[in-house]
Amino acid sequence: MSTHQTPLPSAAGRGRARQDAIYRPGALGVTPTVPTDMARLESRAQSVMSRRAWAYIAGGAGSGATMRANRAAFDRWQVVPRMLHATTERDLRTTVLGTELAAPLLLAPVGAAGLVAQDADLHIAEGAHASGIPYVFSCQGCSPMEATARAMAGTPFWYQLYWSTDEQLVDSMIGRAEAAGAQALVVTLDTTMLGWRTQDLDLGSLPFARGEGIAQYTSDPRFMQLVRERLGAGARAAQSLGIDPRRPLRAARAAKGGVGTLLSMSRTHPGGVRDNLRSPEPRAAVETFLDIYSNPGLSWEHIATLRERTSLPVVLKGVLHEDDARRAFDAGVDAVVVSNHGGRQVDRSIAALDALVRVRQAVGPDPTVLMDSGVRSGADLFVALALGADACLLGRPHVYGLALDGAAGVSAVIDNVLGELDLTMGLVGAASIADITRDLLVQA
Ligand SMILES: Cc1cc2nc3c(=O)[nH]c(=O)nc-3n(C[C@H](O)[C@H](O)[C@H](O)COP(=O)(O)O)c2cc1C
């Protein structure tokens, strides 16, 4: 396992530094492009995003009850600040799975962020790097992981995997993540199928069907081998039916919305747009992806094979039941992420923060437990850490920052969250992450 020395921002006051960076221009009438208030951040981001993008990023499963539960769970905890503790300096550093972090925060994997901005993953990586925070690259990324790794410029990153039905593709992606320098492999368990996402359904919008968010696949040699095999078989079938498979544009014109989809596929597929427009390959890539991208048959037996398949620390994301957490550690995984995928998978699911409390109690103080789903602020981060998280993943908010101001917007969102964490620690009397303990909270 490799370790990495993260460059530290000046420890004495991430919060004060952030306030200064906002109040000084404020004295000249300049207000922040990226609001610090989360409700305003969301509504401003919505105003610059397309309907399809907003549905995909902000939307959840079913009625949205899990998303509301995620937030309500935070509201059930209150911080009890201590006084006269002379906490003049705070140290936000911590170590997770051998990676030294500037703060207990990573950016969550978010697929199809290209709906929000071109080269989204690269800009998110630049923003993460600027703030010294690791990024967990999504398997549904919009740039190949190798390019995103370069954009991280030395700041640590992890790779998130969706377990394909093609085992050779699983190995290929793990090998690429290792070669690119990922410091951990995050296997997401909760999306063996897409949840019932009403906002997307009502727009009939699935980004992947337009080629958005499949760049890890179209840059993969094993995946492209499958696409070529499909094309070979498809061409034979089409010829026998008297259809010309080399005329995708003609076929697309025949369908309402077909040209837009074909254009989108041709833009996102490797190679030139003009050539792609005439080629059946982009469409075959989408169809191959839809067939194999995730495995509803995923089981503990698959997880047991990972030790032989990678030397990276293995993290299981999407654990909610304490028995699953216990079993994961018994099976030798290195960490779990308690998460309900931001309420995007199972409607009326347990809130992630409530699950965190149960999981931490079940596994004891030592195993590495991360958490996401509903974290919106430095105060939220403080509460999750006090309830036993070793670190949290920040999901939607960083995408809203991206929508508003590109890489700088991502960095601003991170700096706002960590600025508030730092001030909360200083005001409450926690000089280090280890000082953020359960006795600083009460139930509301
Ligand atoms: C638009 C979007 C795309 C996502 N894509 C992925 C993904 O590709 N892989 C994954 O493991 N989780 C994915 N997630 C889940 C996030 O990693 C994280 O668990 C979630 O955003 C946490 O909820 P929150 O953003 O409400 O805090 C996605 C979440 C969103 C909002």
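Which residues come nearest to the ligand?

**Entry 1. Basis.** I worked from a predicted model, in which local features need pLDDT of at least 70, side-chain atom pairs count only at pLDDT 80 or more, and totals for chains, interfaces and linings use all residues. I numbered residues from 1 along each chain as its sequence is written.

**Entry 2. Ligand.** I found 22 residues around the ligand, of which Ala-108, Gly-111, Thr-188, Gly-342 and Gly-395 come nearest. I took a residue as near if its C-beta atom, placed from the backbone, lies within 6 Å of the molecule or strand in question. By class I noted seven nonpolar, 11 polar and four charged residues in this shell. For these classes, Ala, Val, Leu, Ile, Met, Phe, Trp, Tyr, Cys and Pro count as nonpolar, Asp, Glu, Lys and Arg as charged, and the others, Gly among them, as polar.

**Entry 3. Domains.** I noted a division of the chain into domain 1 (14–199 + 295–443) and domain 2 (215–292), with bounds that come from an automatic or database domain assignment. Their centres, taken over C-alpha atoms, are separated by 34 Å. Domain 1 gives 13 residues to the contact and domain 2 gives nine, where contact requires C-beta atoms, placed from the backbone, within 7 Å. On the side of domain 1, helix α7 (residues 167–180) supplies the largest share, four residues. That side of domain 1 has six nonpolar, six polar and one charged residues. Helices here are DSSP runs (H or I, at least four residues; strands are E, at least two), numbered from the N terminus.

**Entry 4. α5 and α6.** I next looked up helix α5 (residues 120–131) against helix α6 (residues 145–152), and recorded an angle of about 25 degrees with the axes 8 Å apart. Axes are lines fitted to C-alpha atoms, for helices over the stretch in contact, and angles run from 0 to 180 degrees between N-to-C directions. The two helices, α5 and α6, are therefore roughly parallel; angles under 35 degrees count as such, over 145 as roughly antiparallel, 65 to 115 as roughly perpendicular and the rest as oblique. The crossing of α5 past α6 is right-handed, that is, the near helix is turned clockwise from the far one by less than a right angle (anticlockwise for left-handed). Asp-121, Leu-122, Ala-125, Glu-126, Ala-128 and His-129 of α5 meet Ala-147, Thr-148, Ala-151 and Met-152 of α6. I counted six nonpolar, two polar and two charged residues in this contact.

**Entry 5. α1 and α20.** I recorded about 130 degrees between helix α1 (residues 14–26) and helix α20 (residues 396–428), with axes 7 Å apart. Helices α1 and α20 are therefore oblique to each other, and α1 passes α20 in a left-handed crossing. From α1, Arg-14, Gly-15, Arg-18 and Gln-19 take part, and among their partners in α20 are Asp-415, Glu-420 and Asp-422. The contact holds two nonpolar, five polar and five charged residues.

**Entry 6. α17 and α18.** I recorded about 45 degrees between helix α17 (residues 322–330) and helix α18 (residues 352–363), with axes 8 Å apart. This makes α17 oblique to α18. The crossing is right-handed. Glu-322, Ala-325, Arg-326 and Phe-329 in α17 face Arg-358, Val-359, Ala-362 and Val-363 in α18 as contacts. By class I noted five nonpolar, no polar and three charged residues.

Note on methods: Contact = placed C-beta atoms within 7 Å.
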